[in-house]
Amino acid sequence: MKYSPLLIILHWVTLLLILFMVFTGLAFRFEWGDAGAIRGHQTIGQLLIVVLALRILAKLRQRTPYQNPHPFWERIAARTTHGALYLCMIAFVVTGYIAASGLDRPVLVWPAGKAFARSDTGEMILEWHYALKWVLLALVTLHVLGALKHLFWDKDDTFSHMTLRSRKDETQCTK
């Protein structure tokens, strides 16, 4: 059994958006370009919020593919990592949104109050945003290493659950 095409597409779109966020965040931080980097970062960040919301809604409507053959510790590690990834991504976009609201000309649909974003609390939220990038990087690394373990070490079909390529013996998992 595998995930629905919608969840598979949203998974890979999330990856692309996060990679773009990394690039534009680095470009802003190290001043590799003009103000376009932070505008792009904000715009893609808002798109990431929408994609995450869609992913969460779609995930709530679909069961996780059957994975009983995996050892108990592996199932717990996968669930913990996935849960932490979702929580971290949500915290990351929320803290980024609040931090961006404090900019002189934010490119946000509904910016938070500028006074709040520039307050001591807003500054603390910005620091959380910067710290969360390392947590997100660690969680993404664990996720990728787990996927690669299944693909190359275990040589099982776990990785194929998140690809659009179908296999003859797989069926769609729907409620």
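The model is predicted: local features need pLDDT of at least 70, side-chain atom pairs count only at pLDDT 80 or more, and totals for chains, interfaces and linings use all residues. Residues are numbered from 1 along each chain as its sequence is written, and side-chain values use heavy atoms, with hydrogens and water left out.

**First stop: the cavity**

Select I18, M21, L48, M89, F92, V93 and L136, which line the largest cavity. A cavity is a set of points on a 1 Å grid over the protein atoms alone where a 1.4 Å probe fits but cannot get out, and lining residues have an atom within 4 Å of a point. The structure holds one cavity of 30 Å³ or more. The largest cavity contains about 40 Å³ of space, a volume being the space filled by probe spheres set on the points, which are joined across faces, edges and corners.

Next, colour helix 1 (5-29) and helix 3 (72-101), each of which supplies at least two residues of this lining. Helix 3 gives the largest share, three residues. Helices are DSSP runs (H or I, at least four residues) numbered from the N terminus. By residue class, the lining comprises seven nonpolar, no polar and no charged residues; Val, Leu, Ile, Met and Phe are among those counted as nonpolar.

**Second stop: F116**

Now select F116, in helix 4 (residues 114-117). F116 is partly exposed, with a relative accessible area of 38%; the term covers values between buried (under 20%) and exposed (over 50%), with a 1.4 Å probe and protein chains only.

Then display I98, T121, G122 and I125, the residues in contact with F116 once neighbours within four places in sequence are left aside. Contact means heavy atoms within 4.5 Å. Finally, select A99: its C-alpha atom is separated from that of F116 by 9.4 Å, and the two residues are 17 residues apart along the chain.

Definitions and conventions: 1 Å grid on protein atoms, 1.4 Å probe; cavity = no way out; pocket = protein on both sides within 12 Å on 5 of 7 lines; lining within 4 Å.
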